[in-house]
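Look at the protein chain shown here. The text starts with the chain as a whole and then turns to one part of it.

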Amino acid sequence: MTIRKIGVIGAGQMGSGIAHVCALSGYDVGLYDVSTDKIEEGLATINGNMARQVKSEKITEADRKSALERIAPYGSFDQFGDVDLVIESAVEDEDVKRKIFNDLCPHLKPEAMIGSNTSSISITRLAAGTDRPERFMGIHFMNPVPVMELVELIRGIATVDEIFQEVREFVGTMDKSVAVAEDFPAFIVNRVLLPMINEAVYTLYEGVGSVEAIDKAMKLGANHPMGPLELADFIGLDTCLSIMQVLFDGLADSKYRPCPLLVKYVEAGWLGRKTNRGFYDYRGETPVPTR
């Protein structure tokens, strides 16, 4: 396998998680974001999560130290010249991702591969905006990355077999399981999951149940580990809305119309855990429903 050095674009929740598992699996990682502060926050998150893994005896202290030494902060795309695979994990916005790839590609070596951690956007369309669509594919990790076993792999129409097989082997080295998805809006996991969350928001919007009742019903009645509204807060309501909009626009079916209440929460800036308010208010010791 030719993949030895990984570049990760985006040091947020997903990007830091991807850097975490790559470094623990022995890969050198360059972690990039738009500001030094964001990179430092990402590195602190990685350190804290690895410390918890040491405490729970999933890794050793030596593993943690060596993995952290493999992660280097990258301040510009100039530093990506020797990476074998770049994994983009920026905000779920097609225009943002296209600009990243446009700025990034001139700095990559010709044989470098590009993967997008997009959870819903067309891989074929993203790949077409690069100089290497045949070496581009979707590599969709689940959140939280160090915990969740699944990775969805999505080929664009131009992705060649050699690249697909190499990325599949790379994912296997991190003790992850692969689900291969076709390049349709939201792929497999979010095609099933996000409409359920959106329907839970409609259930709240229509007054069928309260936040607490809806989450309790699904946890105790369907044996879900987390209620759908609690899960939406964990994912980020802006991300949930983006995925529903991709589904609605891409499949032209009214069943994917984002709930107006979800839109309202996003417009208010109540995005869930990351802003301390969503369907729950997280500013106190215990989360409190906001409706």
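The model is predicted. Its protein chain has eleven helices and ten strands. The radius of gyration is 19 Å, close to the 19 Å that the globule rule gives for 291 residues, so the chain is as compact as a globular protein of that length. Along the principal axes, the C-alpha atoms fill a box of roughly 55 × 45 × 35 Å.

Of the 291 residues, 46% are buried, where buried stands for under 20% relative accessible area. Among contacts with a separation of 6 or more, 64% are between residues 24 or more positions apart. The accessible surface of the chain is about 13800 Å², and carbon and sulfur atoms account for 50% of that surface. As for charge, the chain carries 30 positive and 42 negative side chains. The centres of these two sets are 4 Å apart.

Now turn to strand β6, which covers residues 136-141. How many of the six residues of this strand are buried? Six of the six are, so the strand is largely enclosed by the rest of the structure. In a regular strand, side chains alternate between the two faces of the sheet. In β6, one side holds F136, G138 and H140, while M137, I139 and F141 are on the other. The residues on both sides are all buried, and both faces of β6 are covered.

Strand β6 also has a partner: β5, residues 113-116, pairs with β6 in the parallel sense over three bridges. In this arrangement, S116 stands opposite G138 of β6.

Conventions:
Residues numbered from 1 in each chain as written. Predicted model: local features only at pLDDT ≥ 70, side-chain atom pairs only at ≥ 80, totals over all residues. Heavy atoms only, no water. Helix = DSSP H or I, 4+ residues; strand = E, 2+ residues; numbered from the N terminus. Rg over C-alpha atoms; globule rule 2.2 N^0.38 Å. Buried < 20%, exposed > 50% of the residue type's maximum accessible area, 1.4 Å probe, protein only. Contact = heavy atoms within 4.5 Å. Areas by Shrake-Rupley, 256 points an atom, 1.4 Å probe, with all protein chains shown as cover. Lys, Arg positive; Asp, Glu negative; His and termini not counted. Charge placed at Lys NZ, Arg CZ, Asp CG, Glu CD. Pairing = 2+ DSSP bridges.
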